[in-house]
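Thank you all for coming; please have the sequence and the model open while I talk. I will take the contact between the chains, then the pockets, and then the charged pairs.

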Amino acid sequence: MSETNSKVEVRDVDVFYGDKQALNSVSIDIPKNSVTAFIGPSGCGKSTFLRCLNRMNDTIEGARVEGSIKIDGEEINDKHLDPVILRARVGMVFQKPNPFPKSIYDNVAYGPRIHGLAQSSDELDDIVEQSLRKAGLWEEVSDRLSHPGTSLSGGQQQRLVIARAIAVNPEVILMDEPCSALDPIATARIEGLIDELRENYCIVIVTHSMQQAARVSQQTAFFHLGDLVEHGPTETIFTNPREQKTQDYIMGRFG
Amino acid sequence: MTESVSKPAIKAAVEARLAKRYRSEARFRSLGLAAIFSAVAILVILLGSIGMQSLPAYTANEIFLEVDLDRDLVDPQGDGSEVSLREGSYARVLQNAMREQFPEVRARRDLRQLFQLYTALNAPRLMDEVIEDPSLVGTRYRFRMPLSDDMDLYLKGELLDQSETRMNTALRAEEEGRSIALVSDNAGFATLLENQRAALRNEAVALGASADELDLRVQAAGDEDVSALVDRIANLRERQQGLLDWADAEDGVFRLDDTLPSVIVEMAGGAYKLDGVSVDGTRATGRAVVQPESQSADSWNLLVVDVPESRRRSSDNQLVWSRVLRDRGVIEEHTNRYLFGNADSREPELAGVRGALHGSILTILIALILSVPVGVFAAIYLEEFAPKNPVTDLIEVNINNLAAVPSIVFGMLGLAVFINVFGLPRSSPVLGGLVLSLMTLPTIIIATRAAMKAVPPSIRDAALGIGASQTQTVFHHVLPLAAPGILTGSIIGLSRALGETAPLLMIGMVAFIAETPSLDIEGMTQPATVLPVQVFLWYDGAERAFEPRAAAAIMVLLGLMISFNALAIYLRHKFERRW
């Protein structure tokens with residue numbers, strides 16, 4: 001992994017929730033145009049770390065993040081940086097599909113609207129269509145854009161949410177267990193989508209499913225009890241891990 | 001669970017418990033149903049009784065009086081100017097018209113009673129109508145005015161118990177010195193006589209019972225001085241004997257006086273008040289209250305008013321005149337236009353809810369304009385933006401405390417601050433609205449915060465995750481989702497304010513206000529009262545006729561609240577459909 005290829009550089013990040021330390025000195029480089037998977041047992045800090053990358057931890061009372069997080073060489077863990085600007089660059093998809101209780105169109109158009117990305121309504125229509133196409137949802141919803149987003153099925157909702165994230169043209173997309181609430185078929189579609197999106201975005205995905213990590217990611221990082229135990233190319237982690245803990249977790253001996 | 005417990009045993013245990021569980025569920029369900037039914041029943045009884053009570057207020061007996069607008073009386077200066085018309089003697093005009101109806105009424109005492117069939121406040125009303133249309137001067141004009149409240153209730157059968165018997169036998173009137181003798185050849189007065197005698201005997205029995213009771217006390221008294229008691233017993237016995245003698249008079253005339261039920265005979269468009277009946281039931285003596293058209297008739301009405309004249313405010317004459325005027329078509333019962341067209345009045349027949357309705361609308365409008373925005377924004381700030389520290393904790397606790405403060409305290413605050421410090425006009429809607437908005441604020445803040453807390457955090461995360469600022473998140477996503485809850489909370493708070501009396505008493509809205517405030521900016525500083533206060537004032541009023549009007553005012557208040565709530569439900573649905 002060369003320096004020039006990495007999108008996100010994290011150095012010595014500690015996260016505290018009140019007095020409790022949730023992450024201990026995590027350092028990792030996340031490459032561009034690839035999928036990086038965070039795996040680990042529940043409560044290991046992988047979601048916490050994910051939320052550091054777009055400063056969503058700011059919204060949690062008593063959360064404190066220390067250390068250096070750089071995106072394209074720019075420090076983002078800086079109180080003077082407006083998280084609003086950062087979050088336009090770093091999109092996020094949550095565990096449970098959470099479309100706004102508005103129409104499908106408005107769901108996708110919301111981001112471009114608040115960031116002023118479209119000059120005209122035609123342009124906005126275009127952004128919405130492109131985003132829905134990229135999320136593989138256009139064919140299914142093109143004739144009912146005015147229907148409420150909440151009327152879609154779970155898998156469709158999750159793709160709608162991905163389209164919503166894509167619509168503001170982010171550089172990084174964070175996904176926090178995006179398939180945990182979906183059935184295997186919907187999961188397969190999302191995984192296929194993630195694979196396509198990799199060409200244009202840097203994707204970070206938190207997952208509980210080792211198979212999913214193996215299927216979609218090029219890089220894998222294993223977290224345990226707030227420590228980043230090991231990270232590297234997915235193939236290496238799954239076939240030839242350096243650490244015993246990683247081996248045990250992958251083999252299903254704990255977690 | 002140990003191995004020794006066999007599967008059938010577990011099944012039996014579960015089944016035993018199951019029956020118990022079903023029973024407790026059934027019990028709970030029937031309790032719930034009973035609670036709902038009793039609540040509905042109480043509501044129906046409450047509404048029904050108030051509705052029934054208010055019924056007499058919705059119609060009014062009105063006198064359609066042909067008045068002679070004599071130029072000399074109404075236009076003393078003779079130039080038809082407003083100044084001149086204002087000096088006119090309209091009370092005299094009305095009195096002349098009433099005398100025209102009953103030319104036989106001469107005595108001053110009787111005339112005074114006649115003029116009490118309407119309130120003197122009708123003279124200025126007539127003046128207003130003449131000033132409105134000066135061409136009426138010199139013409140005969142059909143003036144419409146409400147009958148006095150007591151007579152109105154009497155004609156509706158609400159004031160006095162009476163029996164009215166139609167007699168289809170011949171009756172003729174004969175002059176007999178200064179009084180009139182009514183002769184019924186087939187003893188048409190026999191039943192009447194019997195009833196009156198029975199009433200006397202009952203009264204005598206009651207007196208005798210009182211005397212007997214005192215007798216017992218005298219016997220038990222022993223050494224005490226009982227001479228006063230003995231005197232009272234003697235007095236009672238004497239009165240008892242007097243009544244019995246009166247009732248049992250076998251020859252001559254049975255005397256009717258004003259301690260007995262009043263007896264009135266109506267025949268041929270006229271009416272006689274009886275003062276005696278011959279003991280054979282064929283003759284009665286009395287005086288003409290209204291002269292009949294002829295001296296004999298084939299059928300007549302026997303009217304017995306149970307309450308003796310000496311024990312009521314309205315005289316027999318007034319009852320008779322009202323009935324005759326109704327028969328002549330001068331008095332007609334119409335929808336009560338005074339109830340919804342007028343403000344408060346000292347006279348129930350002219351009193352209306354319009355002033356209080358306007359006052360309520362203006363007051364609640366001001367409370368709405370002030371308390372909803374301030375309350376909602378305060379809640380948003382506290383919920384979304386305020387840092388967590390001891391100061392905000394203190395503010396939170398105090399908002400919750402404010403919601404529990406008795407409303408009259410807010411009235412005292414209004415008096416001390418808004419009137420004494422800021423000098424706002426007393427008893428004005430703007431002042432009432434300010435006080436009520438203070439009272440409503442904590443309710444709205446608490447409801448808004450609860451509604452915002454109920455918005456799922458995933459929506460917040462979604463908005464923030466896409467780069468919306470905190471403010472955008474709140475206004476684009478949280479508030480619209482919380483809107484139904486906020487609306488409900490605000491409406492509940494304002495409905496309570498609408499029905500509030502206590503704080504308004506402190507700021508002078510309890511005053512008697514006979515003017516209707518206009519429904520505009522100006523009206524907000526004019527003296528006003530509100531519906532609940534009006535209800536309070538009317539129930540307090542001495543006149544019986546205020547009671548149905550108070551009930552009608554409650555119905556109006558309830559109607560206002562229901563339309564208020566209907567609006568809220570409509571808005572809720574509208575907001576919810578958008579998503």
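What follows is a short walk through those topics in that order.

Please keep in mind that this is a predicted model, in which local features need pLDDT of at least 70 and side-chain atom pairs count only at pLDDT 80 or more, while totals for chains, interfaces and linings use all residues. Residues are numbered from 1 along each chain as its sequence is written, chains are lettered from A and ligands numbered from 1 in the order in which they are written, and side-chain values use heavy atoms, with hydrogens and water left out.

Let me begin with the contact, meaning heavy atoms within 4.5 Å, which takes 22 residues from chain A and 17 residues from chain B. Between them the two chains bury about 1,600 Å², with 67% of it on carbon and sulfur atoms, where buried area is the accessible area (1.4 Å probe) lost on putting two parts together, summed over both. On the side of chain B that touches chain A, H16 and H17 of chain B are the elements giving two or more residues, and H16(B) gives the most, with 7 residues; helices here are DSSP runs of H or I with at least four residues, strands are E runs of at least two, and both are numbered from the N terminus.

How many salt bridges are there between chain B and chain A? The count is 0, a salt bridge being a side-chain nitrogen of Lys or Arg within 4 Å of a carboxyl oxygen of Asp or Glu.

Turning to the pockets, the largest has a volume of about 940 Å³, and of its 31 lining residues the closest to its centre are Thr59(A), Glu61(A), Glu383(B), Glu384(B) and Gln470(B). A pocket is an open set of points on a 1 Å grid over the protein atoms alone, where a 1.4 Å probe fits, with protein on both sides within 12 Å along at least five of seven lines, and lining residues have an atom within 4 Å of a point. Among the elements that each supply at least two residues of this lining are helix H2 (83–89) of chain A and helices H16 (457–465) and H17 (470–498) of chain B.

The second largest pocket has a volume of about 380 Å³, and Phe115(B) and Tyr118(B) are among the residues closest to its centre.

Finally, the structure holds 41 salt bridges over all chains. One joins the side chains of Arg11(A) and Asp29(A) at 3.1 Å, N to O, linking strand E1 to strand E2 of chain A across 18 residues.

Methods:
Grid points are joined across faces, edges and corners, and a volume is the space filled by probe spheres set on the points.
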